[in-house]
Amino acid sequence: MSPAPNHADNNNDAKKVKLDTKNPGAPSRVIHIRNIPNEVTEAEIVHLGIPFGKVTNVLVLKGKNQAFLEMSDEVSATTMVNYFTNCTAQLRGRAVYVQFSNHKELKTDQTHSNAQNPSAQAALQAAQALVNQTDTQGGPNTVLRVIVEHMIYPVTLDVLYQIFSRVGKVLKIVTFTKNNTFQALIQYPDVVTAQAAKMTLDGQNIYNACCTLRIEYSKLSNLNVKYNNDKSRDYTNPNLPTGDPALDSALAIGAPNLNLPNRTGENATPTGMPFTGMPLAGVTPTAAALGAAGIRLPGQPSPNCVLLVSNLNEEMVTPDALFTLFGVYGDVQRVKILFNKKDNALVQMSEPHQTQLAISHLDKMKTWGKQIRVTLSKHQTVQLPKEGQPDAGLTKDYSNSPLHRFKKPGSKNYQNIYPPSATLHLSNIPPTVDEEQIKDAFAHAGANVKAFKFFPKDRKMALIQLGSVEEAIAALIKMHNFQLSDSSHLRVSFSKSTI
């Protein structure tokens with residue numbers, strides 16, 4: 001495939017632009033893209049054009065760092081050129097230059113035939129599928145309605161901001177629950193960015209196999225945000241009240257050190273996390289599209305799986321205790337209690353979303369008489385001590401532990417994750433063990449048992465209610481994997497039920 005004139009004109013296009021970058025040339029449905037990285041694919045070039053209309057052909061000249069993109073009509077091409085005249089297009093972190101080509105169409109010859117180029121064919125077919133999908137779902141708008149399906153893990157306003165701002169600048173977000181489903185309205189500054197977000201993120205999972213984004217255009221053209229809090233945010237107006245009179249009056253007099261909602265400004269980055277289900281790429285629509293497709297870009301930061309746990313009780317904490325407690329929310333790979341600061345520890349989980357679960361459920365929980373703090377660490381991994389280095393058993397590797405709860409992909413344990421509660425769920429109870437034996441074992445571990453009940457239809461499971469959430473945390477740490485018989489070890493987790 002080649003442009004309608006001959007290949008010599010490719011360089012003429014480039015030379016002409018170097019002489020006159022301000023003149024995008026006469027309108028044409030063929031767009032010339034310069035300064036592309038060597039390793040760029042046809043799919044990445046096609047994704048640049050998708051938000052503007054139907055892409056009908058693509059040609060990448062890798063040796064010359066150039067590409068040609070053919071749109072279905074001049075209107076789409078003009079919209080694209082105008083858009084990238086006002087904001088720089090990027091591919092893999094490099095600025096690329098978008099203008100009209102001298103060519104009126106891309107013609108196929110044997111040298112560049114898409115029949116000989118499966119990647120170009122696949123990119124065009126994927127683009128066509130995306131366009132067909134949006135044709136059936138109503139007209140484009142700057143406001144998107146987002147529904148999160150299969151929400152096994154919590155999804156917050158800041159998590160949505162982090163995902164959707166990868167496509168472009170997010171102006172406002174409003175979250176709400178309707179028909180027992182978490183939903184959000186997200187406003188972009190223009191239709192093109194909203195369209196790019198819909199095309200690249202619709203149907204993607206925030207976490208592996210769950211928290212699926214379903215995106216459609218809203219009937220609203222503007223969001224009216226009254227408060228900046230954990231339910232709504234206007235990023236263009238960081239001075240809105242929170243809606244909490246106590247917080248707002250404290251803000252008015254400038255009280256320091258308040259634990260306020262994240263009043264994220266226009267250029268601030270909200271606290272959040274990278275996701276395994278949806279790798280977060282660079283900040284351009286193209287990069288977001290690649291990220292959504294699971295393609296990792298050069299220079300993209302790797303997800304952080306390490307937690308910093310502070311304000312621990314030095315007398316009580318052990319690597320095994322932290323392995324058991326944090327193992328309720330993910331598979332712990334390594335634990336290190338800091339040698340010179342033993343009330344601090346690093347806990348490495350197997351996946352980034354597990355760190356978020358642990359933070360949301362365990363941060364500020366009272367454990368062994370102290371309110372622990374759980375945050376993301378700056379470390380990417382927990383280092384094991386070198387041979388001969390003094391460690392006193394403070395670092396342990398659990399990567400091959402048989403006690404991981406989430407080893408199997410799609411494990412049903414993911415559906416039974418709850419915050420710490422005074423009631424514990426017990427399972428794997430052998431038929432030879434009765435209620436009194438279990439209550440005695442918990443009492444011997446220091447727990448104050450308030451109530452106990454076997455499941456009527458399955459005596460292998462039971463609920464046990466203790467005096468407080470703190471007691472339940474301590475009991476879970478001591479009693480999970482407790483040997484009840486020669487072949488049975490007790491499994492303990494937090495319950496959503498009470499007795």
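Reply: What follows covers Lys342 and then strand E16.

This is a predicted model, in which local features need pLDDT of at least 70, side-chain atom pairs count only at pLDDT 80 or more, and totals for chains, interfaces and linings use all residues. Residues are numbered from 1 along each chain as its sequence is written, and side-chain values use heavy atoms, with hydrogens and water left out.

Lys342 lies in the loop between strand E15 (332–337) and strand E16 (345–349); strands (E, at least two residues) are DSSP runs, numbered from the N terminus. Lys342 has a relative accessible area of 33% and is therefore partly exposed (buried is under 20%, exposed over 50%, partly exposed in between, with a 1.4 Å probe and protein chains only). Not counting residues up to four places away in sequence, Lys342 touches Glu314, Val317, Ile337 and Leu394, where contact means heavy atoms within 4.5 Å. The side chain of Lys342 also reaches the backbone oxygen of Phe339 at 2.8 Å. Leu312 is 30 residues from Lys342 in sequence, yet their C-alpha atoms are 7.8 Å apart.

In E16, five of the five residues are buried, so the strand is largely enclosed by the rest of the structure. Ala345, Val347 and Met349 are buried on one side, and Leu346 and Gln348 on the other. In a regular strand the side chains alternate between the two faces of the sheet.

Definitions and conventions
Helices (H or I, at least four residues) and strands (E, at least two) are DSSP runs, numbered from the N terminus. A polar contact is a pair of N or O atoms within 3.5 Å; within protein, one must be able to donate a hydrogen and the other to accept it, and residues adjacent in sequence count only if both atoms are side-chain atoms.
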